[in-house]
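Please work through the following exercises with the sequence and the model at hand. Each task is followed by a stepwise solution.

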Amino acid sequence: MDQKKKGDKMIVTNIDAVPGKNIVEHYGIVQGSTVRAKHVGVDCIAGCQNTFGGELKGYSTLLEESRKEAITRMEQQAGHLGANAVINVRFGTSTITQGASEILAYGTAVKVE
Amino acid sequence: MDLIIFLVFVGGAYLIGQHIEKSHYKEIEKKESACLHIPSVTSKKIVNLDEVLDAKLVFGNVVISGDYFKMIVASLLNFFGGRVTPYEKLLDRARREAILRMKQDASSMDADMIINTRFEMSKLDSMARGGGGTGMFEIIAYGTAVKLAKK
Amino acid sequence: MKFVAREIKTNVNVSQEHPLKVFFKLLASLGVISVVVYILLVAVTEIAIQYIPQKINHALSSLFVNQFPFSVGSDETSQKVQGLLDDVSRKLDLPHADSFKVSIIDMDDKNAFIFPGGNIFITTALLNEFNSENELTMVLAHEVGHYMNNDHLRALGRAAVLGGIVAVLGVGGAGEVGQFITGFVNIFDLKYSRDQEERADKFAVDILNQYYGHASGAVSALQLIENKEVEKWTLNGFLSTHPVVVERVRYLQDLIRKRNFIIKGPSELKPLPFVLNLYEEESSEEIVELEAEVSE
């Protein structure tokens, strides 16, 4: 099995291929997910903002961090399989309990050259 | 007195929940090894569609629910924020189980691969009770199972 | 491209931290927060109490008084109890002497309480149990003691602050955590209540001694309130707001000894100033005895 060199960044795309490269092997589906809850301060502020409208910055930041973590986990899982790219990535979001939501990122792990 | 009953419930939920989780994980790992020969991929173009002999929509679904202990930890975490670790395990189990059931469905027609796999998840109990209770979810994984012409 | 089948050995999507560890860490943090909330409660109410004028005190009383059933008993009985209280306040020169009003409520629970504004209520069940005037005076003085120490205001203040905090948490979607915090704070509260009760007992036995010249009837009055022995180390004993009677009695007896109060025999106790003929559990012998002793 080829070892992934340290510093090799994983290529992640939303389309069926990696432009300019050939797919040599594929390893199946990989997924990364994280469940996150907001803390009570964010919620109080958001509750107030609810009356005035506009972007709920606290929540936006929270979900952005969650999404990044989900993608990172997906890349990690792909790396364990020896892949260096993940294609056809999709996201899923859903609420778990009030105030906690799950972000899922999944795609196909492939080796490109 | 109420406190004692509550603690018994929570303790029982924790122990039984842990046991169920461990045994489920063992089953999942066993089945995954068995199903390793049918990959599931999310893309369509990995396979040349001319080579496909047979195609069928396959899916696997799971309905899963948390236990009382998970609910308590989740509500405490709701106060402090951060990763809700009990539910991570729960959803991971459910998703892997859904994929396995989809693969079983595919192997019944002797498929070689499942393409264009997607996930969907929905919450089955209502949020009306101001917290959501223990949470009941359905996760489905669906894709097209294809049988390829052997070269 | 070809498919290479590889097993995924490590699971990136779950955390390896043991769930019990997570749970206890959270509980500990919650405990710390509860302690902070409790200190806040106590501090805020102690400060606020200094500044509450008498007018508000009286206004608050009307919130509570209307919830209770009308007083029972002949006007004579209520008047006599009121007369006793007025006599005590006058003779001992108690502050706010004119604001104390006694009413009798029809309840099966043996209890007595005082509300902001100086309204004292005694239940018929408790009134039934008194064997002498001394005991009645002890109970009345105990309630007045609470009033003097502003305990009723403390209870209100703490409830208000705690309610405020829980409401904020409820808005924030952490309603269950609010319940946890309330539970924790209540446990600390119990020690606080016991201190309040002991201070009120101290005040009462002082009054008793000054009015009658001796402290008989103080301890027996305490023993009337609870009719079951609750062991200190059971959960119920630990959690009851009034200290276990045994402890209160011991405290009182210590106090009586330290201050060299005199205890006289039962024949020296003053009989009740009224006739109790209203309540079902009276046996006929007791009525005859009491009627014989009625003197004005």
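Predicted model: local features only at pLDDT ≥ 70, side-chain atom pairs only at ≥ 80, totals over all residues.

Residues are numbered from 1 along each chain as its sequence is written, while chains are lettered from A and ligands numbered from 1 in the order in which they are written.

**Exercise 1.** Determine the strand order of the open sheet of chain B and identify its edges.

*Solution.* Step 1: helices (H or I, at least four residues) and strands (E, at least two) are DSSP runs, numbered from the N terminus. Two strands pair if DSSP finds at least two bridges between them. Step 2: the three strands follow the order β1-β4-β3 (chain B), with antiparallel pairing. Step 3: β1 (52-65) and β3 (113-123) of chain B each have a single partner strand, so one side of each lacks a neighbour in the sheet. Step 4: β1(B) is joined to β4 (residues 136-148) of chain B by 13 bridges; Val52(B) has Leu148(B) as its bridge partner.

**Exercise 2.** Describe how helix α3 of chain B is placed against the sheet, and state its length.

*Solution.* Step 1: axes are lines fitted to C-alpha atoms, for helices over the stretch in contact, and angles run from 0 to 180 degrees between N-to-C directions. Step 2: α3 (residues 85-107) lies across β1, β3 and β4 of chain B and runs at about 150° to β1(B). Step 3: the 23 residues of α3(B) reach 33 Å from first C-alpha to last, close to the 33 Å expected at 1.5 Å a residue (1.5 Å times one less than the number of residues). Step 4: a residue is buried if 20 or more other C-beta atoms, placed from the backbone, lie within 10 Å of its own. As 19 of the 23 residues of α3(B) are buried, the helix is largely enclosed by the rest of the structure.

**Exercise 3.** Characterise the crossing of helices α1 and α2 of chain B.

*Solution.* Step 1: the axes of α1 (residues 2-34) and α2 (residues 68-80) of chain B come within 7 Å and cross at roughly 105°. Step 2: this makes α1(B) roughly perpendicular to α2(B), a term for angles of 65 to 115 degrees. Step 3: residues are in contact if their C-beta atoms, placed from the backbone, lie within 7 Å. Among those making the contact are Phe9(B) and Tyr14(B) of α1(B), and Phe69(B) and Ile72(B) of α2(B).

**Exercise 4.** Which elements link chain A to chains B and C?

*Solution.* Step 1: 32 residues of chain B are in contact with 30 residues of chain A. On the chain B side, β3(B) provides the largest share, six residues. Step 2: β2(A) and β2(B) pair in the antiparallel sense over two bridges, with Arg83(B) as the bridge partner of Arg36(A). Step 3: the contact of chain A with chain C takes 19 residues from chain A and 16 residues from chain C. On the chain A side, β2(A) gives the most, seven residues.

**Exercise 5.** How many helices and strands does chain C have?

*Solution.* Step 1: chain C has 11 helices and four strands. Step 2: of its 296 residues, 28% are buried.

Definitions and conventions
Parallel < 35°, antiparallel > 145°, perpendicular 65-115°, else oblique. Contact = placed C-beta atoms within 7 Å. Buried ≥ 20, exposed ≤ 12 C-beta atoms within 10 Å, placed from the backbone.
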